[in-house]
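This briefing walks through one protein chain and the ligands beside it. Please look over the sequence and the structure before reading on.

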Amino acid sequence: MSNHETDSIHDEWASVAHDVLSTMEADGSRRWLRPRLSMGDWWKKRRVVAYLLMVVFVLIPHLRIGGKPVVLMDLVARQLTVLGKTFYPTDTLILAFGMLAVFISIVLVTAIAGRAWCGWACPQTVYMEYLFRPIDRFFEGTVGRGGKPKAEMGGMRSIARIVVYLLLCMFLAHTFLAYFVGTDRLAQWVRTSPFENPSAFLVMAGVTALMMFDFLYFREQMCTLACPYGRFQSVMLDEQSKIVAYDPGRGEPRAKGKRPAATPAGDCVDCHQCVVVCPTGIDIRNGLQMECVNCTQCIDACDNVMERVGLPKGLIRYSSQDEIARKPKKLFRARTIAYPLLLLAVLSGFAWAVGSKAGFDARLLRGKGAPFSITATGNVNNSFRLRLVNRSSEPQQYTLSVVTPENVTLEVLQDDLLMLPPGGNVLIPLNVEFLPIQTRGSGNKAAVLSVQDGQDRKHDLPFKLLGPR
Ligand code: SF4
Ligand code: SF4
């Protein structure tokens with residue numbers, strides 16, 4: 001086989017490999033992407049958003065509302081604090097409505113604005129493009145333009161780069177941990193030996209290792225291979241959703257260099273600038289692709305080219321599949337009507353659940369063993385356990401009484417348990433004693449236990465007295 005034939009087969013395989021996966025070489029090995037940088041208008045806007053988000057991420061664990069953290073996901077205490085309000089596992093309805101609202105919001109935003117999240121706010125994009133790639137460019141000597149460096153990095157530079165990555169990943173891992181343990185506990189742990197808090201140290205080391213793996217090695221493959229959100233695009237987008245799109249009606253037929261007046265040619269000068277800036281290595285001119293994270297780099301690159309060749313900007317732009325096909329815009333469509341209505345219903349449910357959240361939970365459970373016993377004085381005894389959860393933000397003293405029927409004696413076996421700290425959760429053993437006449441005939445009698453906290457919030461718990469017929 002001639003060299004020419006070998007080259008052409010290689011090119012063909014390279015093209016097939018690239019079509020299958022933008023980060024795969026013809027021989028199946030990893031194609032390392034070194035996107036060039038296009039510092040256009042969109043890149044500058046995204047930079048403002050990215051640095052703002054980084055600052056917000058670092059600051060949130062340090063902020064307090066009414067002495068409570070703005071966000072704290074305390075897994076050990078099984079408490080979630082959001083905007084100074086604490087939720088417990090018993091707040092199932094509130095948590096379910098909250099999660100549903102987040103999910104519907106994501107679906108709604110995607111239906112309208114496409115992958116705005118991926119390009120503008122996803123931590124993977126934000127940290128990769130505005131923190132770690134600039135570090136690469138600094139060490140590779142390609143500051144301000146990116147792309148392939150003229151020479152490979154030397155050993156010392158490579159080590160220095162890895163050390164900077166490690167320090168940043170450790171800092172981010174500590175910040176991440178602060179969302180789960182709070183800044184006070186984290187500060188205390190940082191000052192003590194890792195052997196005193198081995199599990200916290202292991203979590204921090206694990207998160208650091210995962211971040212190092214992601215930002216140093218895995219990179220854009222997180223978006224193109226691992227992230228499930230990208231895979232759901234085909235169901236979440238419709239033809240009217242905003243996407244970053246190339247306009248083939250204006251750009252094709254593409255042609256390089258000067259065009260003779262007689263040859264019809266589109267505006268695309270086939271300069272490949274939109275491809276070399278792409279952080280996921282795709283060619284936007286091939287149409288809507290799952291790998292596109294809507295980072296807008298190709299818009300900036302192409303606008304720059306259009307400006308230089310004296311053509312109007314916007315050959316690649318924020319558009320929609322319908323707009324590119326010259327179909328009219330439709331603001332109201334099934335998704336943009338149904339999703340907001342659904343979101344409104346879920347948010348109303350959330351507001352109702354938060355508004356009706358009582359200061360405490362109380363549940364009466366029957367004691368184990370025989371349904372009743374007869375005491376030495378001939379009375380009937382029923383035993384119970386009362387589950388009490390203080391969901392208020394203050395300590396509470398609870399009082400119990402049997403409101404119906406009359407002449408029933410209540411005995412709290414551990415009355416010190418009736419004083420509960422915020423978030424406190426106890427099981428209190430109770431005995432109820434009454435005359436056998438109360439259950440004569442049916443063997444049971446309806447009764448009500450009233451539980452009241454220090455702020456006059458009350459739960460009436462119906463139960464049955466069980467005794468001889
Ligand atoms: S940057 Fe614009 S002109 Fe250049 S290849 Fe891409 S679409 Fe065509
Ligand atoms: S195609 Fe354009 S918008 Fe999509 S990821 Fe590549 S550069 Fe970003």
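The model is predicted. The domain assignment divides the protein chain into domain 1 (31-234), domain 2 (238-324) and domain 3 (360-466).

**Domains and annotated segments**

- The centres of domain 2 and domain 3, taken over C-alpha atoms, are separated by 73 Å.
- An unreviewed UniProt entry lists residues 48-65, 93-118, 162-180, 200-218 and 336-355 under "transmembrane region".

**Surroundings of ligand 1**

- Ligand 1 is surrounded by 16 residues, and the closest are Cys268, Cys271, Gln273, Cys274 and Cys302.
- At least two residues of this shell come from each of α13 (273-276) and α14 (297-309).
- The largest share, three residues, is supplied by α14.
- Sorted by class, the shell around ligand 1 holds 10 nonpolar, three polar and three charged residues.

**Surroundings of ligand 2**

- Around ligand 2 there are 14 residues, the closest being Cys278, Ile284, Cys292, Cys295 and Cys298.
- The shell of ligand 2 has 10 nonpolar and four polar residues, and no charged ones.

**Nonpolar cores**

- The largest nonpolar core contains 43 residues. Val244, Cys274, Val277, Ile284, Cys298, Cys302 and Ile316 have the most contacts inside this core.
- Elements giving two or more residues to this core are α2 (41-59), α5 (123-140), α6 (155-181), α8 (198-218), β6 (243-246), α13 and α14.
- The most is given by α6, with six residues.
- Where does this core lie? Domain 1 and domain 2 both give residues to this core, so it lies between them.
- Leaving aside residues up to four places away in sequence, Val244 touches Ile284, Cys292, Asn294, Thr296, Cys298, Ile299, Ile316 and Tyr318.
- A second, separate core has 17 residues, including Tyr398, Leu420, Ile428 and Leu465.

- Most residues other than glycine have a negative phi, and most peptide bonds are trans. The following points list exceptions.
- The peptide bond between Glu252 and Pro253 is cis, with omega about -5 degrees. Pro253 sits in the loop between α12 (248-251) and α13.
- Thr404 and Pro405 are also joined by a cis peptide bond, with omega about -10 degrees. Pro405 belongs to the loop between β12 (399-404) and β13 (409-412).
- Asp270, a residue other than glycine, has a positive phi near 55 degrees. Asp270 is in the loop between α12 and α13.
- Is Asp270 exposed or only partly exposed? Asp270 counts as partly exposed because 14 other C-beta atoms lie within 10 Å, and a residue is exposed if that number is 12 or fewer.
- Arg326 also has a positive phi, near 60 degrees, and lies in the loop between α15 (321-324) and α16 (334-355).
- Arg326 is exposed, because 8 other C-beta atoms lie within 10 Å.

Notes
Residues are numbered from 1 along each chain as its sequence is written. Chains are lettered from A and ligands numbered from 1 in the order in which they are written. This is a predicted model: local features need pLDDT of at least 70, side-chain atom pairs count only at pLDDT 80 or more; totals for chains, interfaces and linings use all residues. Domain bounds come from an automatic or database domain assignment. A residue is near a molecule or strand if its C-beta atom, placed from the backbone, lies within 6 Å of it. Helices (H or I, at least four residues) and strands (E, at least two) are DSSP runs, numbered from the N terminus. Ala, Val, Leu, Ile, Met, Phe, Trp, Tyr, Cys and Pro count as nonpolar, Asp, Glu, Lys and Arg as charged, and the others, Gly among them, as polar. A residue is buried if 20 or more other C-beta atoms lie within 10 Å of its own, exposed if 12 or fewer, and partly exposed in between; C-beta atoms are placed from the backbone. UniProt positions are given in the numbering used here, feature names are shortened, and annotations may be inferred rather than shown by experiment. A nonpolar core is a set of buried Ala, Val, Leu, Ile, Met, Phe, Trp, Tyr and Cys residues joined through C-beta atoms within 7 Å. Two residues are in contact if their C-beta atoms, placed from the backbone, lie within 7 Å.
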